[in-house]
Amino acid sequence: MTFEAFWVSTGVVALGEIGDKTQLLALLLAARYRKPVPIVLGILVATLANHAAAAALGAWLQSLVDPQWMRWILGASFLAVAVWMLIPDKADEGDTAGAGRWGVFGVTVVAFFLAEMGDKTQIATVMLAARFQSLVWVTLGTTLGMMLANVPAVLFGERAVRFVPMAWVHAIAALVFAVIGVLVLLGVGI
């Protein structure tokens, strides 16, 4: 049962993550900071923390916050990120100091952890943990699934910046986050 929990969790999340907003975030972080190792490690730490907490606290959080309030909070957050993406900083000139005192690793951990809140892969983690009653194996499996989907995005994003001007990356990212924010506020999918 433990290996089944691990492999099913890995497959479900790897497939669910393809084209997901957190995969887009991985690509954007790589394009912005051009430091794949701290970004990959940040994704790993954030995913482990988030998915372990999801299995333990997911149902409680869902019952605590009214779905309508959650929709408004998430929608406003996406719109705020869209605006933030349009504000240039020193990282645009290839200087990773734009990550501030947290560094690229810290920014990645916080951004990825928050982006994963309420995400379909987080919800899948809650359901898989309930199904298999194996917090450790489900958390490890879902984390591996996230890494399988996001490490290639990080590696691609780090190389794509050589061909795509950073201003385009910011504009496209802002547009994507704004569209997601509006869709969330309207109650459409995502």
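Predicted model: local features only at pLDDT ≥ 70, side-chain atom pairs only at ≥ 80, totals over all residues.
V182 counts as partly exposed because its relative accessibility is 40%, where buried means under 20% relative accessible area, exposed means over 50% and partly exposed lies in between, with a 1.4 Å probe and protein chains only.

Residues are numbered from 1 along each chain as its sequence is written, and side-chain values use heavy atoms, with hydrogens and water left out.

The chain has 8 helices and 0 strands, both being DSSP runs numbered from the N terminus (helices H or I, at least four residues; strands E, at least two). Of its 190 residues, 42% count as buried. Among contacts (heavy atoms within 4.5 Å) between residues at least 6 apart in sequence, 91% join residues at least 24 apart.

Two packed helices are described by the angle between their axes and the distance between the axes. For helix 2 (residues 21-33) and helix 5 (residues 103-116), the axes come within 10 Å and cross at roughly 160°; such axes are lines fitted to C-alpha atoms over the stretch in contact, with angles from 0 to 180 degrees between N-to-C directions. The two helices are therefore roughly antiparallel to each other, a term for angles over 145 degrees, as against under 35 for roughly parallel, 65 to 115 for roughly perpendicular and oblique for the rest. The residues that meet are listed below.

| Helix | Residues in the contact |
|---|---|
| Helix 2 | K21, T22, L25, A26, L29, Y33 |
| Helix 5 | V104, V107, T108, A111, F112, A115, E116 |

The largest nonpolar core has 19 residues, of which A26, L29, Y33, I39, I43, F112 and V154 touch the most other members; a nonpolar core is a set of buried Ala, Val, Leu, Ile, Met, Phe, Trp, Tyr and Cys residues joined through side-chain atoms within 4.5 Å. Helix 2, helix 3 (36-64), helix 5 and helix 7 (135-160) are the elements that give two or more residues to this core. Leaving aside neighbours within four places in sequence, I39 is in contact with L29, A30, Y33, V104, T108 and V154. Another core, of 5 residues, lies apart from the largest one and has A5, L128, F132 and V138 among its members.
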